[in-house]
Amino acid sequence: MTKGGAQLATKQEKLLKLREADRAGIDLSSPKAVVTYMLAQGDKKAVLWFYKKGSVEFDFDSYHKLVKELKAD
């Protein structure tokens with residue numbers, strides 16, 4: 001989905017990106033490490049998925065919930 005030029009991701013898309021980072025050996029407990037990994041992969045749009053809508057603030061609560069869900073699988 002696109003809104004205002006920004007890509008909106010589904011929960012499954014976000015989990016997929018986190019799973020890819022995990023498989024690459026990235027420490028998911030560190031949002032900075034995950035963002036750095038995604039940027040190194042050239043995936044700038046995916047990085048924006050983890051920011052609060054309409055803000056420049058990282059959504060730590062949402063991020064940590066997704067990581068917890070991923071680790072529960």
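1. Which pattern does the protein chain follow when read along the sequence? In this predicted model, the chain follows the pattern β-β-α-α-α-α, with two strands and four helices in total.

2. The overall dimensions come next. The radius of gyration of the protein chain is 12 Å, close to the 11 Å that the globule rule gives for 73 residues, so the chain is as compact as a globular protein of that length. Its C-alpha trace spans about 35 × 25 × 20 Å along the principal axes. Of the 73 residues, 30% count as buried.

3. Helix 2, residues 31-40, deserves attention. Pro31, Val34, Val35, Tyr37 and Met38 are its buried residues. These residues lie on the same side of helix 2 because they cover an arc of only 160 degrees around the axis. An α-helix has 3.6 residues a turn, so residues three or four places apart point the same way. Lys32 and Ala40, on the other side of helix 2, are exposed.

4. What do the buried residues of helix 2 pack against? Their partners are helix 1 (11-23), helix 3 (44-48) and helix 4 (60-72).

5. Helix 1 contributes Lys17, Leu18, Glu20 and Ala21 to the contact, and helix 2 contributes Val34, Tyr37 and Met38. By class, this contact has five nonpolar, two charged and no polar residues.

6. Just after helix 2, Gly42 takes a positive phi of about 80 degrees.

Conventions. Residues numbered from 1 in each chain as written. Predicted model: local features only at pLDDT ≥ 70, side-chain atom pairs only at ≥ 80, totals over all residues. Heavy atoms only, no water. Buried < 20%, exposed > 50% of the residue type's maximum accessible area, 1.4 Å probe, protein only. Arc of directions from axis to C-beta. Contact = heavy atoms within 4.5 Å. Nonpolar A, V, L, I, M, F, W, Y, C, P; charged D, E, K, R; others polar. Rg over C-alpha atoms; globule rule 2.2 N^0.38 Å.
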